[in-house]
Amino acid sequence: MNIYINGTGCVSPLETAIEGRLPSAAPLYDNIRLKAAEPDYKQWIDIKMIRRMSRVIKMGVAAAQLSLQEAGISKPEGIITGTAYGCLDDTGVFLTKMVNQNEEMLTPTAFIQSTHNTVAGQIALLLECHAYNNTFVHKGFSFEHALIDSIMQLREGKISNILAGAMDELTNHSFNILSRFNLFKHAHAGEGAACFVLSTKQGPNAIAKLKGVSVLYKPDSFEEVAADIVGFLAAHNCSQEDVDLVITGRNGDPAGDAWYEHVENKLFSELPVAHFKHLCGEYPTANAFGTWMASRIIASQEVSPAVLFKGNAPSSIKKVLLYNHHDATHHSMILLSIC
C-alpha cells in the first residue's frame with residue numbers, strides 16, 4: 001500500500017511558514033539559540049484565542065493548517081503528533097505561580113495547557129475534528145512513532161488520510177537547563193513544528209511517498225547501525241544503489257557526527273549527502289524538519305547548496321534516505337520516494 005504525503009507545513013527558524021521552501025544559501029546565525037520565525041497567526045486563529053495560546057501551540061496549529069491547505073483538506077480523519085517536551089512555556093508559568101503564590105489561588109489555564117497532548121487537542125478543536133487523536137511523548141522517537149502509528153492506521157483501511165506531525169519549543173528555562181549539560185557546546189539549539197497530511201490516495205498536490213520508518217535504540221556499535229540501515233532498505237525492496245540522496249542529522253558535535261561519518265563512508269561513499277540541523281537547530285523532534293526538507297527536495301527535484309554537505313547534487317531524485325539520531329541513543333531511518 002502506497003502512502004502519499006499530500007501536504008506539508010513547517011514553522012522553523014527559517015521563513016518556511018511564509019515562503020514554503022529552502023533558502024538558496026545557508027543563513028549565518030549569530031546566536032547559538034535559534035528561535036522559530038513565526039508567521040502571522042491571525043490568518044488561522046481567532047485573535048482572542050491567540051492571546052491565550054503558548055508559542056508551541058500556535059506553531060503546531062500553523063504547521064497543521066499549512067499542510068491541510070496544501071493537501072486541499074479542511075478536516076483530517078485523524079490527528080497524530082509527537083513531542084518530547086510538550087508545552088514548556090505553560091509548564092514554567094504554572095510552576096512559577098505555584099512557588100510565588102504558595103500553591104494558593106492558582107488559575108487552571110496554564111496547567112490545562114501544559115500537557116503534552118494540548119497541541120493535538122487544540123488542532124482538533126479548531127478543526128472540529130472528533131476522530132482518532134493521539135500524541136507520542138517518546139523523547140527522540142516522538143516524531144517517528146507518530147509516523148509509525150499513522151502508517152498502521154492507514155493500512156487498516158478504516159481511514160484514508162491523517163494529519164501527522166511533531167513540535168517542540170525552547171524556552172529561557174529549558175535552554176539554560178539543557179546548556180548546563182553541554183548539549184549545545186557544538187550545536188545550535190532549535191525549535192519548530194512540522195506537519196504532514198498522509199493518505200492512501202494520491203492528492204493533486206502530492207509531494208512524495210512515505211515508504212517506511214524504522215527506529216533503533218542505543219545501538220552497541222557503528223556496525224550495528226549500518227547493518228540495520230541495510231536491512232531497513234532491503235525490507236522496502238530498496239538497495240543502497242537505489243538511493244539518490246542521503247540526508248543526515250549532523251549538528252557539529254564530533255562524537256555525534258561520527259555515527260553519520262561511518263554510515264556515509266561504509267554504505268554510501270559514492271552518494272551525495274545533505275544535512276539539515278544547521279538550519280533548524282538540535283531538538284528531539286528535529287527529524288520532522290528533516291522530513292519536511294526531504295519531501296520538498298523530492299518535489300522540486302533540486303538540492304539547495306544550503307543543505308548539500310558533500311558530493312554533487314543528483315540530476316534526478318527518486319529515493320531519499322533520512323538518517324538521524326538524537327543524543328546518539330535514538331537512531332531512526334525514514335525512506336521517501338517520488339510519487
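# Questions about a predicted protein chain

Guide: The protein chain has twelve helices and eleven strands. Helices (H or I, at least four residues) and strands (E, at least two) are DSSP runs, numbered from the N terminus. The model is predicted, so local features need pLDDT of at least 70 and side-chain atom pairs pLDDT 80 or more, while totals for chains, interfaces and linings use all residues. Residues are numbered from 1 along each chain as its sequence is written, and side-chain values use heavy atoms, with hydrogens and water left out.

Visitor: Why is valine 11 called buried?

Guide: Buried means under 20% relative accessible area, exposed means over 50%, and partly exposed lies in between (1.4 Å probe, protein chains only). Valine 11 has 1%, so it is buried. Valine 11 sits in strand S1 (residues 4-11).

Visitor: What does valine 11 contact, beyond its neighbours within four places in sequence?

Guide: Contact means heavy atoms within 4.5 Å. The partners of valine 11 include Thr16, Ala36, Met59 and Gly192.

Visitor: What makes histidine 262 count as buried?

Guide: Histidine 262 has 18% relative accessibility, so it falls on the buried side of the cut-off. Its place is in helix H10 (residues 254-267). Leaving out residues up to four places away in sequence, histidine 262 touches Phe222, Glu223, Ala226 and Leu267.

Visitor: What share of the protein chain is buried?

Guide: Buried residues make up 56% of the 339 residues.

Visitor: Why is helix H6 called mostly covered?

Guide: Count its residues. H6 (residues 118-127) has ten residues, and seven of them are buried. Among them are Val119, Ile123 and Leu127. The cover over these buried residues includes helix H3 (55-71), strand S2 (78-82) and strand S4 (161-168). Just after H6, glutamate 128 takes a positive phi of about 55 degrees.

Visitor: Why is the pair of phenylalanine 175 and phenylalanine 184 called stacked?

Guide: The structure holds eight aromatic pairs. Rings of Phe, Tyr and Trp (its six-membered ring) pair if their centres lie within 6.5 Å; planes under 30 degrees apart count as stacked, over 60 as edge-to-face and the rest as tilted. Phenylalanine 175 and phenylalanine 184 have ring centres 5.8 Å apart and planes at 10 degrees, so the pair is stacked. Both residues are buried.

Visitor: What makes the pair of phenylalanine 289 and tryptophan 292 tilted?

Guide: Their centres are 5.7 Å apart, with 35 degrees between the planes. That angle belongs to neither the stacked nor the edge-to-face class, so the rest of the rule applies: tilted. Both residues lie in helix H12 (residues 287-300), three residues apart, about one turn of the helix. Phenylalanine 289 and tryptophan 292 are buried. Together with Phe276, they form one aromatic cluster.

Visitor: How far apart are the mean positions of the positive and negative charges?

Guide: They are 4 Å apart, for 27 positive and 34 negative charges. Lys and Arg count as positive and Asp and Glu as negative; His and the chain ends are not counted. Each charge is placed at NZ of Lys, CZ of Arg, CG of Asp or CD of Glu.
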